[in-house]
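We will go from whole domains down to one pair of helices.

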Amino acid sequence: MHTIKGIAGWSDPAFYETALDALTANIAVLDGSGEVLAVNDAWVQFAELNDLRIEDYGVGANYLEFCDSLGTEEGATVAAGLRGLLSGAPGPFRFEYVMPLNASPIWAKMTAVRLGFLHKPYLVVAHEDVSIQRRAEIGLREATAKLLHAEDDERRRIARELHDSTAQHIAGAKLMLRRLASPDPAVASMVVGEVENLLSSALDEIRSFTYLIHPPALEHLGLAAAIRQFVSGFSRRANLAIRVEVADDFPRLSHAIEIALYRVAQEALGNVLRHSGSQQAVVGLRLAGDMVLLTVRDFGSGLPPGRENAPGVGLEGMRLRLEFLNGHLTLIDAEPGLMVEAWVPFIAAADA
Ligand SMILES: Nc1ncnc2c1ncn2[C@@H]1O[C@H](COP(=O)(O)OP(=O)(O)O)[C@@H](O)[C@H]1O
Ligand SMILES: [Mg+2]
């Protein structure tokens with residue numbers, strides 16, 4: 001506490017009662033034996049809200065005995081902490097635990113301090129509900145784990161392709177080269193042609209992987225140009241007609257948003273190729289109010305029934321990336337085909 005001296009009414013009990021009632025933490029005042037002398041309004045409301053049928057909200061009961069009677073490790077820790085305060089340990093005693101309530105468990109943060117008045121010790125025990133923070137932390141941790149897992153899958157996939165396909169092309173080319181030793185010119189020209197084919201395949205694959213791993217255009221040219229560049233290569237490789245609808249003066253966005261939307265576009269187009277059966281697609285990128293909207297639409301089969309609620313790694317990865325940036329993914333049945341909408345709050349590039 002930090003005060004100027006001599007607040008009028010400081011010694012009036014009404015002063016303390018009002019102050020304790022003004023706090024949002026659930027507060028109990030205990031005497032030296034652990035008996036609950038008083039609880040504040042927040043405590044009473046908490047008990048009523050959660051339908052805790054405790055006689056007189058616990059006033060008159062012994063808090064230490066209550067903790068002992070729980071027979072849990074947490075109860076024992078709290079009782080020991082409070083007894084420690086009473087026997088002179090420096091406070092505050094802090095403890096966080098999960099309170100199993102009927103509705104859903106809450107994360108409670110306890111802070112207890114000792115007061116000494118008239119040579120008698122008292123304890124003030126405050127409980128705060130920190131569930132919102134803890135749930136958010138857990139949600140973030142789970143989302144991060146999922147995203148890391150998805151990235152891991154992607155790396156494994158790339159490694160497998162490099163091993164099974166690209167490396168085979170190069171190994172084949174090496175074998176062919178040995179036959180160049182033959183004096184027959186017909187064999188030599190066949191070998192040259194074959195080696196050229198194998199090396200071009202390997203090169204093509206390495207190019208698509210480097211695009212996949214690190215889109216070089218993204219940092220230099222920005223999202224709009226990088227998407228155009230990716231689409232031009234992809235549509236050629238995949239033999240799809242893809243239209244890109246993006247304004248020439250589309251602004252640079254924060255790096256995190258550009259990466260996320262670029263990945264969404266790649267994954268969504270990959271899905272068009274692999275799953276939709278569509279020969280064409282349209283990629284749109286625009287500002288919509290204070291949001292950025294990326295759309296990828298095809299004219300194929302649409303999601304198989306039931307897919308909306310059970311997304312695979314690709315769709316789940318898109319959703320997670322967007323949610324990290326406070327955005328969201330919407331899948332729309334476009335009849336025919338699928339419309340993937342990626343929404344993110346607009347944030348301009350730091351140096352724009
Ligand atoms: N454009 C699309 N057209 C039709 N079905 C799609 C499309 N995109 C996704 N799907 C369906 O949704 C499923 C999940 O997609 P995704 O999460 O990217 O995983 P994956 O591509 O690895 O199967 C696909 O297996 C497919 O059945
Ligand atoms: Mg996919």
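Domain bounds here come from an automatic or database domain assignment. The model itself is predicted.

**Stop 1: the domains.** Colour the chain in three pieces. Select 13-129 for domain 1, 131-213 for domain 2 and 215-352 for domain 3.

**Stop 2: domain 2 against domain 3.** Show just these two. Their centres, taken over C-alpha atoms, are 24 Å apart. Now look at where they touch. Domain 2 puts 7 residues into the contact, and domain 3 puts in 10 residues.

Which helices supply the domain 2 side? Select helix H5 (131-178), then helix H6 (185-213). Each gives at least two residues to the side that touches domain 3. H5 gives the most, with 5 residues.

**Stop 3: a helix pair.** Select helix H8 (residues 223-238) and helix H9 (residues 255-276). Their axes come within 11 Å and cross at roughly 20°. Angles under 35 degrees count as roughly parallel, so H8 is roughly parallel to H9. The crossing of H8 past H9 is right-handed.

**Stop 4: the side chains between them.**

- From H8, pick Leu223, Ala226, Ile227, Phe230, Phe234 and Ala238.
- From H9, pick Glu258, Leu261, Tyr262, Ala265, Gln266, Leu269 and Leu273.

These residues make the contact. What classes do they fall into? The contact of H8 with H9 has 11 nonpolar residues, 1 polar and 1 charged.

Notes. Residues are numbered from 1 along each chain as its sequence is written. Chains are lettered from A and ligands numbered from 1 in the order in which they are written. This is a predicted model: local features need pLDDT of at least 70, side-chain atom pairs count only at pLDDT 80 or more; totals for chains, interfaces and linings use all residues. Axes are lines fitted to C-alpha atoms, for helices over the stretch in contact, and angles run from 0 to 180 degrees between N-to-C directions. Helices (H or I, at least four residues) and strands (E, at least two) are DSSP runs, numbered from the N terminus. Angles under 35 degrees count as roughly parallel, over 145 as roughly antiparallel, 65 to 115 as roughly perpendicular and the rest as oblique. A crossing is left-handed if the near helix is turned anticlockwise from the far one by less than a right angle, and right-handed if clockwise. Two residues are in contact if their C-beta atoms, placed from the backbone, lie within 7 Å. Ala, Val, Leu, Ile, Met, Phe, Trp, Tyr, Cys and Pro count as nonpolar, Asp, Glu, Lys and Arg as charged, and the others, Gly among them, as polar.
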